[in-house]
Amino acid sequence: MLNNVLLIGRLVQEPRLRLSLSGIGIAEFTVAYNRRYRAKNGEWKEESHFFDCRAIGRIASLVVERLSKGDLVLIEGRLIQDRWEKDGQKQSRVRIFVEGIRRIELPKRAEEPPVEEKLPEEEIEEEISLD
């Protein structure tokens, strides 16, 4: 089975860092992706999509230290689903588990290629319970 996500978007807020019960850093943030397209009537439309993201360990620390609201980023990761029950109703949420992230700086002039700053990657050996 394949579960890979590549997403380019902008951080819509400052990343938040918290610690798990075992003391591991967890960064949570939201990335927005805007899609512009021409409707059947010829009119240009734009729609925005928002994706919740989670990073742990060294990647979480780097996200909080080096990224800010409005930064354009390339995220590499996988989808995860959280499930819980509230008031007898089953709830779930899908988010992106970040395995790599790069800040992209757009060129000031159109002829310059974009600049990517790759944040160091951390190898994840096992999944860590975040409860």
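**Figure 1. Pairing of strands around arginine 10.** Two strands are said to pair if DSSP finds at least two bridges between them. Strands (E, at least two residues) and helices (H or I, at least four residues) are DSSP runs, numbered from the N terminus. The structure is a predicted model, in which local features need pLDDT of at least 70 and side-chain atom pairs count only at pLDDT 80 or more, whereas totals for chains, interfaces and linings use all residues. Residues are numbered from 1 along each chain as its sequence is written, and side-chain values use heavy atoms, with hydrogens and water left out. Strands β1 and β5 run antiparallel and are joined by 6 bridges. Strand β1 also pairs with β3 in the antiparallel sense, over 2 bridges. Arginine 10 has leucine 72 as its bridge partner in β5, and in β3 arginine 10 stands opposite alanine 32.

**Figure 2. The largest nonpolar core.** A nonpolar core is a set of buried Ala, Val, Leu, Ile, Met, Phe, Trp, Tyr and Cys residues joined through side-chain atoms within 4.5 Å. Here, buried means under 20% relative accessible area, exposed means over 50%, and partly exposed lies in between (1.4 Å probe, protein chains only). The largest core contains 17 residues, and those with the most contacts inside it are Phe29, Val31, Ile75, Val98 and Ile101. Two or more residues of this core come from each of β1 (5–11), β3, β4, α1, β5 and β6.

**Figure 3. The buried residues of helix α1.** Which residues of α1 are buried? They are Gly57, Ile59, Ala60, Leu62 and Val63. These buried residues pack against β2 (16–19), β3, β4 and β6, where contact means heavy atoms within 4.5 Å.

**Figure 4. The salt bridge between arginine 35 and glutamate 47.** Side chains of opposite charge can pair when their charged atoms come close. A salt bridge is a side-chain nitrogen of Lys or Arg within 4 Å of a carboxyl oxygen of Asp or Glu, and by this rule the model has 10 salt bridges. In the bridge between arginine 35 and glutamate 47, the closest N and O atoms are 3.1 Å apart. This pair links distant parts of the chain, 12 residues apart, with arginine 35 in strand β3 (residues 25–38) and glutamate 47 in strand β4 (residues 44–56). Arginine 35 counts as partly exposed because its relative accessible area is 35%. Glutamate 47 is also partly exposed, because its relative accessibility is 26%.

**Figure 5. The salt bridge between aspartate 71 and arginine 103.** The closest N and O atoms of aspartate 71 and arginine 103 are 3.7 Å apart. Aspartate 71 lies in the loop between α1 (57–66) and β5 (72–86), while arginine 103 belongs to strand β6 (residues 89–105), 32 residues apart. Are aspartate 71 and arginine 103 buried or exposed? Both aspartate 71 and arginine 103 are buried.

**Figure 6. The salt bridge between arginine 78 and glutamate 99.** The side chains of these two residues meet at 2.8 Å, N to O. The pair joins distant parts of the chain, 21 residues apart, with arginine 78 in strand β5 and glutamate 99 in strand β6. Because its relative accessible area is 30%, glutamate 99 counts as partly exposed.

**Figure 7. Aspartate 82 in a network of salt bridges.** The network links Arg18, Glu28, Arg54, Asp82, Arg93 and Arg95. Aspartate 82 is found in strand β5 and counts as buried because its relative accessibility is 18%. Leaving aside its neighbours within four places in sequence, aspartate 82 is in contact with Arg54, Gln91, Ser92, Arg93 and Arg95. The side chains of aspartate 82 and arginine 95 make a polar contact at 2.5 Å. A polar contact is a pair of N or O atoms within 3.5 Å; within protein, one must be able to donate a hydrogen and the other to accept it, and residues adjacent in sequence count only if both atoms are side-chain atoms.
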